[in-house]
Amino acid sequence: MIKVRFAPSPTGYIHIGNFRTALVNFLFTKSKNGHFMLRIDDTDDERSSKEYEDAIKEDLTWMNINWDSLERQSSRLLSYNEALETLLEKKRAYPCFETAEELSLKRKSQLTSGKPPIYDRSALKLSDSDIADLKSKGKKPHYRFLLNHEDVNWNDLVKGESKYNMSNLSDPVILREDGRVIYTLASVVDDIQFEVTDILRGEDHMTNSAAQIQLFEALGSLSPKMGHLSLLTDNTGSGLSKRIGSLSLRELRSQGFQPMAISSLLAKIGTSDSIDIFKDMKQIVKSFDISKFGNSKPKFDKTELSALNSKFFQLVDYKDISHQLNILDIKITNEFWNLIRGNINNFYDVKFWWNIVYGDIKEVSNDLDFKKLALQTLPKERFDKNTWSVWTNSLMKESGKKGKELFKPLRLCLTGQSNGPEMANLVLIMGKDKIKERLNKNN
RNA sequence: GGUCCCUUCGUCUAAUGGUUAGGACUCAGCCCUUUCACGGCUGCAAUAGGGGUUCGAAUCCCCUAGGGAUCACCA
């Protein structure tokens with residue numbers, strides 16, 4: 001069975017890039033009847049918090065991404081220590097005693113002299129007695145994984161045949177001086193133990209993956225299949241991750257964007273499928289194929305998201321959105337929803353139209369003569385489905401106006417807007433009293 | 001700076017050496033609707049630049065330019 005994991009670290013809110021990774025993993029596994037694991041990567045307990053973990057879960061739930069199992073790295077520390085022992089026995093891990101400051105300085109001087117800032121492995125030269133000596137002086141080691149300096153090859157699920165030469169990389173630190181494990185190792189240990197079959201993530205993990213493939217092997221396991229998605233950029237082409245703040249899921253939610261609009265866009269952007277709104281997650285799952293993802297960096301454009309958002313409202317039936325409408329402190333009926341659904345770009349537009357139909361509006365029209373005529377010709381009898389044509393016909397005769405000349409000002413008088421829902425239905429729902437009130441109102 | 005990845009209409013992309021370089025979105029025009037929207041039809045619009053290889057290059061090779069990623073005791 002296919003098993004994937006989404007492994008956020010609870011150090012912030014999920015943003016659009018993170019979420020795309022979650023979504024792609026979810027769609028990939030669900031399209032193969034697989035298992036989706038949520039793994040909280042909280043090994044960095046200085047930056048991690050329970051609040052963020054809860055927020056991540058809440059956001060995923062809001063987006064209709066449900067996990068089949070949940071793991072937390074902070075509860076699995078023993079396994080990581082065992083793995084380190086194994087690596088030490090196999091001479092694939094070694095202790096180092098440089099301080100963070102020393103390493104940072106070293107990198108800087110390497111960079112300024114035009115060299116790649118790769119760790120020089122000087123700790124490897126330490127003899128057993130050197131190490132014992134340093135330890136006896138109270139120095140605490142951190143540990144690195146000893147890379148084999150050779151090509152690592154893999155068949156990437158997205159990019160195809162890939163390779164990376166490991167001599168371009170520093171031996172990754174896998175255990176901190178204070179004894180806390182680091183992601184590189186923890187992730188591999190978990191993937192082995194939970195039998196993850198496929199790892200899908202952003203291409204910023206490309207070199208991690210290469211190193212981790214060696215780590216899988218060093219721990220006596222076969223590497224899962226790897227796939228690397230190109231990173232999203234903003235509409236100027238620069239990296240999105242730098243501005244995660246304004247593009248968090250929570251931000252989008254508070255701006256009135258719908259989960260299906262977000263998922264529809266993120267599931268299809270960068271693929272050879274056309275971008276269109278999906279009604280529910282099942283439909284996206286059906287159309288999903290990892291091989292449809294390309295290698296170039298798609299631009300994330302919020303206006304594209306807005307367009308999908310509007311389309312979603314046109315598509316969604318009252319029964320499927322009424323639970324959401326309930327959070328607005330106004331009563332929305334089926335009839336009202338059907339009236340306005342074609343004119344909603346953003347969830348809060350519901351309230352905007354409610355106010356226009358039932359509430360008070362500031363600006364009407366200042367065409368007094370026209371309003372007077374409209375009031376005179378307004379049918380006296382009870383409103384029904386013919387009211388609109390009866391009214392506009394007689395108004396047409398009285399005013400001598402027709403077509404746009406007639407309808408645009410009338411719409412403006414009644415709603416204060418130059419466009420909006422179907423007028424014939426709108427007057428029925430708005431009712432005679434409200435219409436009179438609008439036509440009598442003078443600015 | 002080393003390494004890796006990327007570059008086709010404005011946008012997302014298709015075209016496994018031979019196509020009139022195709023589709024979707026946007027945009028424009030027309031039709032429909034006694035208005036806007038929806039819908040339908042039509043149209044505008046691209047191979048980053050320069051060299052090769054080849055009868056023939058978007059496609060293969062080299063160079064240049066631009067963008068991104070990575071080289072953390074973050075994940």
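This is a predicted model: local features need pLDDT of at least 70, side-chain atom pairs count only at pLDDT 80 or more; totals for chains, interfaces and linings use all residues.
Residues are numbered from 1 along each chain as its sequence is written, chains are lettered from A and ligands numbered from 1 in the order in which they are written, and side-chain values use heavy atoms, with hydrogens and water left out.

RNA strand B is surrounded by 56 residues, of which R47, E98, R176, N393 and F407 are the closest; a residue is counted as near the strand if one of its heavy atoms lies within 4 Å of it. Of the atoms of RNA strand B that come within 4 Å of the protein, 68% belong to sugar and phosphate. The residues of this surface comprise 15 nonpolar, 23 polar and 18 charged, where Ala, Val, Leu, Ile, Met, Phe, Trp, Tyr, Cys and Pro count as nonpolar, Asp, Glu, Lys and Arg as charged, and the others, Gly among them, as polar. At least two residues of the surface are supplied by each of α4 (100-112), β5 (142-145), α7 (206-218), α16 (387-399) and α17 (404-415); helices (H or I, at least four residues) and strands (E, at least two) are DSSP runs, numbered from the N terminus. On the bases, an N or O atom in the side chain of H142 is 3.1 Å from a base nitrogen of RNA strand B, and a polar side-chain atom of N208 lies 2.9 Å from a base nitrogen of RNA strand B.

Strand β5 is covered on both faces, with H142 and R144 buried on one side and Y143 and F145 buried on the other; buried means under 20% relative accessible area, exposed over 50%, and partly exposed in between (1.4 Å probe, protein chains only). Strand β5 pairs with β4 (residues 93-96) in the antiparallel sense over four bridges, pairing being assigned if DSSP finds at least two bridges between two strands. Within this pairing, H142 stands opposite C96, which has a relative accessible area of 0% and is buried. Strand β8 (residues 173-175) also runs antiparallel to β5, joined to it by two bridges, and L175 in β8 is the bridge partner of Y143.

Helix α9 (residues 259-268) is largely enclosed by the rest of the structure, because ten of its ten residues are buried. These buried residues pack against α1 (16-30), α2 (50-62), α8 (249-254), α10 (281-287) and α11 (302-315), contact meaning heavy atoms within 4.5 Å. Just after α9, G270 takes a positive phi of about 80°.

In helix α3 (residues 77-89), S79 counts as buried at 15% relative accessibility. Not counting residues up to four places away in sequence, S79 touches V189 and Q193. F347 is found in the loop between α13 (334-340) and α14 (349-358) and counts as buried at 4% relative accessibility. With the same exclusion of residues up to four places away in sequence, F347 touches G256, Q258, F313, Q324, L325, I327 and L328.

Terms used
A polar contact is a pair of N or O atoms within 3.5 Å; within protein, one must be able to donate a hydrogen and the other to accept it, and residues adjacent in sequence count only if both atoms are side-chain atoms.
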